[in-house]
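Hello,

Here is the structure I said I would pass on. My notes follow it.

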Amino acid sequence: RVAAEFCTAVTIAPGGLVRGARWHKMAPRDDSAGGAPQDPDCSGSPLAVSAAAFLESRISYTSEIPGGDNTITITFSCSTILAPGDTGAGNAPLPTWIRILGLDSHAPSERGTVALEGGVAASLSDAAQEGTAAHAIWEEDGALVAYFTAAAAARDRHTISFHVTNPLSPPHPLPKPTIAAEGCIDIPPTPLFSKSGGGFGEWRGVLGVVPPQFMFGKVQQGSSAPGAANAMVVSFATS
């Protein structure tokens, strides 16, 4: 009796697209519309499927010196597993990769691969198949792309680090890097925040490079006597 009343009170509405994922909703019957289900509404649906998202996305770096060696570290956590999709029957898996944008000012002029370090580096490669493990590849637009060859657990904090050379002058405008997941798992570009001042989320030249400048400078002479030989010494330090 309870089941019958429940089935009479609701209808199954084949849902539309919600954040790119199909879902169904238990919708109250709308008698004014001839018993047709109401428009799908994600809020409150017991069968709604949440879109994959980055729960944490941060960036840090070790140097702001123009032309200096720099280590960039990306930290991220995702609401779902990031891994190649299993197609079964011995077929090649569907690739899943992360794309980091906004690094073009630090990308090498000759694009190629870069070695990765960090906890999740061993699960990444510079190609979907037969790539080099723990490497990523620089694309022509300056994006850094790395393909998953093994699963990165959901809701765990993952890090990758790689080495770059800073540009000789600050980039304009200041870069605001993002991270996205593509392929089998699709997550739109998400800002990578840096720690600045009071906390995360304040854009502070995320890949900041200090302007080239003299930090120190002085001149000394060996003699002030008229007509005497003199040796001038100039001392300076740059950023």
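Glu182 and Arg99 form a salt bridge, with the closest N and O atoms 3.1 Å apart. Glu182 sits in strand E11 and Arg99 in strand E5, so the pair ties together parts that are 83 residues apart in sequence. Please keep in mind that this is a predicted model.

Arg99 has another partner. It also forms a salt bridge with Glu139, where the closest N and O atoms are 2.5 Å apart. That pair again links distant parts of the chain: Arg99 is in strand E5, Glu139 is in the loop between E8 and E9, and 40 residues separate them. Is Arg99 buried or exposed? At 15% relative accessibility, Arg99 counts as buried.

Five of the six residues of E5 are buried, so the strand is largely enclosed by the rest of the structure. E5 pairs with E11 in the antiparallel sense, over six bridges. In that pairing, Leu101 stands opposite Thr178 of E11. E5 also pairs with E9, again antiparallel, over four bridges. There, Ile98 stands opposite Ala146 of E9.

Back to charges. How many salt bridges does the structure hold? The count is four. One of them joins the side chains of Arg157 and Glu56, at 3.0 Å from N to O. This pair links distant parts of the chain too, with Arg157 in the loop between E9 and E10 and Glu56 in strand E3, 101 residues apart. Arg157 counts as exposed, at 55% relative accessibility. Glu56 is buried, with a relative accessible area of 17%; the cut-off for buried is under 20%. Arg58 comes in here as well: Glu56, Arg58 and Arg157 are linked in a network of salt bridges.

Next, the core. The largest nonpolar core has 30 residues, and Ile74, Phe76, Leu82 and Phe162 touch the most other members. Strands E3, E4, E5, E8, E9, E10 and E11 each give two or more residues to this core. E4 gives the most, with four residues. As a general point, nonpolar side chains tend to be buried together in soluble globular proteins.

Thr71 is buried, with a relative accessible area of 18%. What does its side chain make a polar contact with? The partner is the side chain of His163, at 2.9 Å. Beyond its neighbours within four places in sequence, the contacts of Thr71 are Ser60, Tyr61, Thr62, Ser161, Phe162 and His163.

Asn166 lies in the loop between E10 and E11. Asn166 is buried, with a relative accessible area of 3%. Its side chain reaches the backbone oxygen of Ser63 at 3.2 Å. The C-alpha atoms of Asn166 and Ser63 are separated by 8.1 Å, although the two residues are 103 apart along the chain. A polar contact of 3.2 Å also joins the side chains of Asn166 and His106. Leaving aside neighbours within four places in sequence, Asn166 is in contact with a set of residues that includes Ser63, Glu64, Ile65, Gly67, Gly68, Asn70, His106 and Val209.

Last, the overall numbers:

- Secondary structure comes to one helix and 16 strands.
- Of the 239 residues, 34% count as buried.
- Among contacts between residues at least 6 apart in sequence, 62% join residues at least 24 apart.
- The protein exposes about 13700 Å², and carbon and sulfur atoms supply 55% of that area.

Best wishes

Definitions and conventions. Residues are numbered from 1 along each chain as its sequence is written. This is a predicted model: local features need pLDDT of at least 70, side-chain atom pairs count only at pLDDT 80 or more; totals for chains, interfaces and linings use all residues. Side-chain values use heavy atoms; hydrogens and water are left out. A nonpolar core is a set of buried Ala, Val, Leu, Ile, Met, Phe, Trp, Tyr and Cys residues joined through side-chain atoms within 4.5 Å. Buried means under 20% relative accessible area, exposed over 50%, partly exposed in between (1.4 Å probe, protein chains only). A polar contact is a pair of N or O atoms within 3.5 Å; within protein, one must be able to donate a hydrogen and the other to accept it, and residues adjacent in sequence count only if both atoms are side-chain atoms. Contact means heavy atoms within 4.5 Å. Two strands pair if DSSP finds at least two bridges between them. Accessible areas come from the Shrake-Rupley method with a 1.4 Å probe; for residues, only the protein chains shown count as cover.
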